[in-house]
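Here are a few notes to read alongside the coordinates, written as one colleague to another. Please keep the structure open and follow each point on it.

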Amino acid sequence: MQRNLRDYLVISIKGLAMGAADVVPGVSGGTIAFISGIYEELIDTINTLDVGFFKIWKKEGLKVSWKKYNLSFLVALFSGIVISILSLSKLIKWLLHNEPLLLWSFFFGLVLASIFYIGKQITKWNSKIILGVILTTVLSYSITIAEPLASPDSNWYLLFCGFVAIIAMILPGVSGAFILLILGAYQTFIDILNQLREGLITMDFNILWQAISKISIIAIGAIAGLKLFSKVLNWMFKKHKNLTLAILTGFMIGSLNKLWPWKKVLSWRTNSESIQVPFIEKSILPNQFEGDPRILWVLFFILIGFLLILILERISSKKAN
C-alpha cells in the first residue's frame, strides 16, 4: 500500500487516540483502532512480524525488509501511542493524588458499561456459559481482596504484569490499563511513565535509566506473553467465542470491587519515590468514608464513564455496518 507523509500523520493521530484509550482503564485501544479503520491492518502487521525480517534485510537490504513488514505503519502508529501515553500520564498521576474519588468513579462507570458491552455479545446462554461467568467473577473478586504477592515496584512483579497485560493486545474489548488495575500495578506503571517523561525533559540520565530498565522488564514479560499465548487466545476467541466472552464478563464483574470509589486503607507501603501509598484497601459504604463522600459527584462521573463506552459502542456499530 502506497502512502504519503499526510497518510502517516493521520495514522499517528489515530495512535494518539489509541494511546489515550490505553491509559484509561475500561477503554480498549483495540476499540479505537477498529473505529478508526486500522484494526485489521494492525493485527495483520503484528502477526507477520518474525525473525524473517532480519533474513530479508541481510539478503535484499533494509528498505525491502522494512516495506515488506509494513514497519512505516507501525512506527507512525506507535509514535502517536507513546506521545499520548507520556502526555496523559502526568494528568492521571495528579488525579490519583488529588481527586481519587472522582477518578475511580469514572473508571467504575467505564468498566460497568464494558460489562454490558462484552456480555451482550454472548449469542447463546447455557449452563456452561453461566458457570463460566460465576467462576470468573468469584476468581476476579478474590484477586481484588487478596494481599499482593509482591510489591508492584519489584522487578518480578513488573515482569508478571507485562506478561498478563499483553492480553489486552490480543482480545478485543480488553483494556491493558484495566488489567493493571486488577493486578494493583496501575499507579506503579503511571509513575514509571512519568519517570521516563521527567528523564527525557530534564535529560537526567539516572532517572532515564531507571525508567528504561523498568520498561524493558515489562516489555520482556509482554513479549513472552505474546509468544506463548497469542495463538491459544486467538483460537479460543474463534472456536469458543461465547465462553471466552463469558470469562471476560465475569472477570470484569468481579473487578468492580477494585474500582469502587470509597475505600478504607488497611495498610501502606513505600513506593520507589519513598512516598507512602495505600497497599491494601477495603471497599466501604459512603457513610463510612473518612471525609466528604461527594456522592453526587461520584454518581455524575460514574455516569460519564458509562456513557463514554456507550458512545464508543455506537460509533463502532455504525463503522461495522
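This is a predicted model: local features need pLDDT of at least 70, side-chain atom pairs count only at pLDDT 80 or more; totals for chains, interfaces and linings use all residues.

1. Have a look at Met203, in the loop between α12 and α13. Met203 is not a glycine, yet its phi is positive, at about 55°. This residue comes just after the end of α12.

2. **Helix α12 itself.** Residues 186-202 make up α12, a helix of 17 residues. From first C-alpha to last, α12 reaches 24 Å, close to the 24 Å expected at 1.5 Å a residue. Which residues of α12 are buried? They are Tyr186, Thr188, Phe189, Ile190, Asp191, Ile192, Asn194, Gln195, Leu196 and Gly199.

3. **The largest nonpolar core.** The largest nonpolar core has 65 residues, and Met18, Leu77, Phe107 and Tyr186 are the members that touch the most others. Which helix gives the most to this core? It is α7, residues 100-119, with 11 residues. As general background, nonpolar side chains in soluble globular proteins tend to be buried together.

4. **Aromatic pairs.** The model has 13 aromatic pairs. In one of them, the ring centres of Phe53 and Phe54 are 5.3 Å apart and the planes meet at 80°, so this pair is edge-to-face. Phe53 has 10% relative accessibility and so counts as buried. Phe106 and Phe107 make another pair, with 6.3 Å between centres and 45° between planes, and this one is tilted. Are Phe106 and Phe107 buried or exposed? Phe106 is buried at 17% relative accessibility, and Phe107 is buried at 1%. Both values fall under the 20% limit, so both residues go in the buried class.

5. **An aromatic cluster and a nonpolar patch.** Phe53, Phe54, Trp57 and Tyr69 belong to one aromatic cluster. Phe54 and Trp57 are also found in a nonpolar surface patch, together with Val51, Leu62, Trp66 and Val75. This patch covers about 580 Å². Which elements give two or more residues to the patch? They are α4 (52-60) and α5 (62-68). Trp57 lies in α4, and its relative accessible area of 39% makes it partly exposed.

6. Asn70 sits in the loop between α5 and α6. Like Met203, Asn70 is not a glycine and has a positive phi of about 55°. Asn70 counts as partly exposed, at 22% relative accessibility.

7. **Salt bridges.** How many salt bridges does the model have? The count is 2. One joins Arg3 to Glu41, with 2.7 Å between the closest N and O atoms. Arg3 is in the segment before α1 (5-23) and Glu41 is in α3 (residues 39-48), so this bridge ties together parts that lie 38 residues apart in sequence. The other joins Arg294 and Glu99, at 2.8 Å from N to O. Here the partners are 195 residues apart: Arg294 is in the loop between β2 (276-283) and α15 (295-320), and Glu99 is in the loop between α6 (71-98) and α7. Arg294 is partly exposed at 28% relative accessibility, and Glu99 is partly exposed too, at 22%. In general terms, side chains of opposite charge can pair when their charged atoms come close.

Key: Residues are numbered from 1 along each chain as its sequence is written. Side-chain values use heavy atoms; hydrogens and water are left out. A nonpolar core is a set of buried Ala, Val, Leu, Ile, Met, Phe, Trp, Tyr and Cys residues joined through side-chain atoms within 4.5 Å. Buried means under 20% relative accessible area, exposed over 50%, partly exposed in between (1.4 Å probe, protein chains only). Helices (H or I, at least four residues) and strands (E, at least two) are DSSP runs, numbered from the N terminus. Rings of Phe, Tyr and Trp (its six-membered ring) pair if their centres lie within 6.5 Å; planes under 30 degrees apart count as stacked, over 60 as edge-to-face and the rest as tilted. A salt bridge is a side-chain nitrogen of Lys or Arg within 4 Å of a carboxyl oxygen of Asp or Glu. The expected span of a helix is 1.5 Å times one less than its number of residues. Patches are made of residues with over 30% relative accessible area and no salt bridge: like charges are joined within 9 Å, nonpolar side chains (Val, Leu, Ile, Met, Phe, Trp, Tyr) within 5 Å. Accessible areas come from the Shrake-Rupley method with a 1.4 Å probe; for residues, only the protein chains shown count as cover.
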